[in-house]
Amino acid sequence: MDSTATDRFDTGRFEAGRNRMASLAYRLLGSAGDAEDAVQDAFLHWQAADRQRIKVPEAWLAKVVTNLCLDRLRSAQARRERTAGAWLPEPLLDGDPMLGPADTFEQRESVSLAVLTLMERLSPLERAVYVLREAFSYSHAEIAEILDITESASQQHLHRARHRITAARRGREVDSASARRIVEEFLDAASSGRTERLVALLTDDATAISDSNHAGPAKTLLQYDTPQRIAAIARAGFNTTPAKRRLAGGTPAIHHALVNGAPAILFVIGDQVIGAVTFDITGGKIATVRGIAAPTRLVRLTEGWRQHGPDTPLVAQW
């Protein structure tokens, strides 16, 4: 095989694992854009390596991608961004290959916005062990090899990560019919102007968080921690005005969607998603509301929406 054919063959081996690598990087970083950058960096490492000596490309690439992501998480810039109170996971439309694998509850849960947010409380190593074990079913021996730690250390990191995530976890899986019903009830209550109807949809300890920004990531997130405050903000937010339409750049349609496995409302102008509201559900009620409007957090979700195809909006003109 000549060098050109070898390069094509080796590139093909890399591309065959691209989606898996991107899924791993997204879970570790919580950002689709950063995940894509990490995969591209892994490709450069792949090109520079002596590929004839790589016996198991999938394992080699998993190690490279994981450690590239750990380097990003440990960087001074990442620490500043993630501790400044302005970090939210990047939402993805269900069906995005970056959300796979999704065969088991643990795999689906590991990519929920709730767990991606909770993983911010973990150390980079705890986060890596949790993702490799829960989402990709690597053994502790394999994780130890990837992270250059002992099997015992891997087990300890997983135990701590599971404990922290389980103790703080609030959302639960909901079926598609229930998800749509929850979205419709929330939208109807918010549009009615009656805050008591919204409060009734929320758990007693409901929280809400929003970047509330149409120009770029906000310096700090807006957070609300009582059902009454959340209801008041939702009521005001869904009350349309000419000024809001001008700020949005037009008259959005409102659609139901599943985002990272959770029910969501999307505000769409043409084929551009300009805002998303997602819900974590516990006991049939809304436990967490996330409002995302920063364009940098909606790039890939918009790309997914454009491929999704038109459906009937819940509200044709907001």
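Two strands count as paired if DSSP finds at least two bridges between them. Helices here are DSSP runs of H or I with at least four residues, strands are runs of E with at least two, and both are numbered from the N terminus. This is a predicted model, in which local features need pLDDT of at least 70, side-chain atom pairs count only at pLDDT 80 or more, and totals for chains, interfaces and linings use all residues. Residues are numbered from 1 along each chain as its sequence is written, and side-chain values use heavy atoms, with hydrogens and water left out.

Which residue of strand 2 is the bridge partner of Ile209? It is Gln223. In strand 6, Ile209 has Arg290 as its bridge partner. Strand 1 (residues 202–210) runs parallel to strand 6 (residues 285–292), with 5 bridges, and antiparallel to strand 2 (residues 222–224), with 3 bridges.

His256 stands opposite Ile265 of strand 4. Their hairpin has 2 residues between the strands, and Asn260 takes a positive phi near 50° there. Of the 7 residues of strand 3 (residues 253–259), 6 are buried, so the strand is largely enclosed by the rest of the structure. Buried means under 20% relative accessible area, exposed over 50%, and partly exposed in between, with a 1.4 Å probe and protein chains only.

Next, the aromatics. Rings of Phe, Tyr and Trp (its six-membered ring) pair if their centres lie within 6.5 Å; planes under 30 degrees apart count as stacked, over 60 as edge-to-face and the rest as tilted. The whole structure holds 7 aromatic pairs. One of them joins Phe14 and Trp46, with centres 6.5 Å apart and planes at 40°, so it is tilted. Phe14 lies in helix 1 (residues 3–16) and Trp46 in helix 3, so the pair ties together parts 32 residues apart in sequence. Phe14 and Trp46 are buried.

Phe238 and Phe267 have ring centres 5.7 Å apart and planes at 45°, so this pair is tilted. Phe238 sits in the loop between helix 13 (227–237) and helix 14 (242–248), and Phe267 in strand 4 (residues 262–269), 29 residues apart. Both are buried. Phe186, Phe238, Phe267, Phe279 and Trp318 form one aromatic cluster.

Last, helix 3. Its buried residues are Ala32, Ala35, Ala38, Val39, Ala42, Phe43 and Trp46. In general, an α-helix has 3.6 residues a turn, so residues three or four places apart point the same way.
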